[in-house]
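Please look over the sequence and the model shown here before reading the notes that follow.

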Amino acid sequence: MSFPLATARLVLRPFTRDDLASFTAYRNHPEVARYQGWSSYSFDDALAFFAEQEPLAFDTDETWFQIAAERRTDGQLVGDVAVHFLDEGRQAEVGMTFDVEVQRQGYAREAVASVVELLFEQHGKHRLVATVDALNARAQRLLEHLGFRREGMYRQNVFFKGAWGDEYAYALLASEWRERRGQAGAADMAAGEAR
């Protein structure tokens, strides 16, 4: 099993029933739901979600696996990263949902970066993809910061909360990610030598 994963400020792990109240609360916030497929999120919705997640094994083709992001300092659930496994194990789609209270603090970027590393390094994925609402500038910046490139735009492809919406398609190849990591490592070494 790949979990738990520790980052500087988070523990990434499968969900447990103890997460139900926090999970329901942040998913029910209007700002969190703004670019998601739901407008409100009830306790019954959370129960149904947990019933679907409990039997799933990580890296099972044609499933969505949700990873809980828990803050290390206080054990608070602050969000989740979703992974959709596809193409007979060769590719995966990623998404993220974070509590409005921790947005703009780098938690989502920290969590998604760790999941990207897990998928490429431990699970041998060739390519990761993400689909983002064209109005969701923060999610676009997050993905671009991690090296994802925008591959295209789907014009009015989704009827979303009463209107047709556009979405952007993002992708990142394992080779691009490794090259980017190598460049970052070389820059860190050069900065250390300059001190």
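**Contacts, rings and pockets**

The side chains of Arg27 and Asp80 are joined by a polar contact of 3.0 Å, a polar contact being a pair of N or O atoms within 3.5 Å in which, within protein, one must be able to donate a hydrogen and the other to accept it, while residues adjacent in sequence count only if both atoms are side-chain atoms. The model is predicted, and local features therefore need pLDDT of at least 70 and side-chain atom pairs count only at pLDDT 80 or more, whereas totals for chains, interfaces and linings use all residues. Residues are numbered from 1 along each chain as its sequence is written, and side-chain values use heavy atoms, with hydrogens and water left out.

**Around Asp80 and Arg27**

- Asp80 has its place in strand E4, and Arg27 lies in helix H1; helices (H or I, at least four residues) and strands (E, at least two) are DSSP runs, numbered from the N terminus.
- Asp80 is buried, with a relative accessible area of 0%, and Arg27 is buried as well, at 5%, where buried means under 20% relative accessible area, exposed over 50% and partly exposed in between, with a 1.4 Å probe and protein chains only.
- The side chain of Asp80 also has a polar contact of 2.4 Å with that of Tyr26 and a polar contact of 3.0 Å with that of Gln66.
- Arg27 lies over the face of Phe49, at 5.7 Å from the ring centre; a charge sits over a ring if NZ of Lys or CZ of Arg is within 6 Å of the ring centre and within 35 degrees of the ring normal.
- Arg9 lies over the face of Tyr107, at 4.0 Å from the ring centre.

**Aromatic rings**

- The count comes to 15 aromatic pairs, where rings of Phe, Tyr and Trp (its six-membered ring) pair if their centres lie within 6.5 Å, and planes under 30 degrees apart count as stacked, over 60 as edge-to-face and the rest as tilted.
- Phe23 and Phe50 form an edge-to-face pair, at 5.4 Å centre to centre and with 80 degrees between the planes.
- Because Phe23 lies in helix H1 (residues 20-27) and Phe50 in helix H3 (residues 43-53), this pair ties together parts that are 27 residues apart in sequence.
- Phe23 counts as buried at 0% relative accessibility, and Phe50 is buried with a relative accessible area of 2%.
- One aromatic cluster is formed by Phe15, Phe23, Tyr26, Trp38, Tyr41, Phe49 and Phe50.

- The largest pocket has a volume of about 1100 Å³; on a 1 Å grid over the protein atoms alone, a pocket is an open set of points where a 1.4 Å probe fits, with protein on both sides within 12 Å along at least five of seven lines, and lining residues have an atom within 4 Å of a point.
- Of the 41 residues that line the largest pocket, Gln36, Met96, Thr97, Asn136 and Ala139 are the closest to its centre.
- The second largest pocket has a volume of about 190 Å³, and its lining consists of Ala113, Val116, Glu117, His145, Leu146, Trp177, Arg180, Arg181 and Ala184.
- H4 and helix H6 (174-194) each supply at least two residues of the lining of the second largest pocket, and H6 gives the largest share, four residues.

Key. Points joined across faces, edges and corners; volume = space filled by probe spheres on them.
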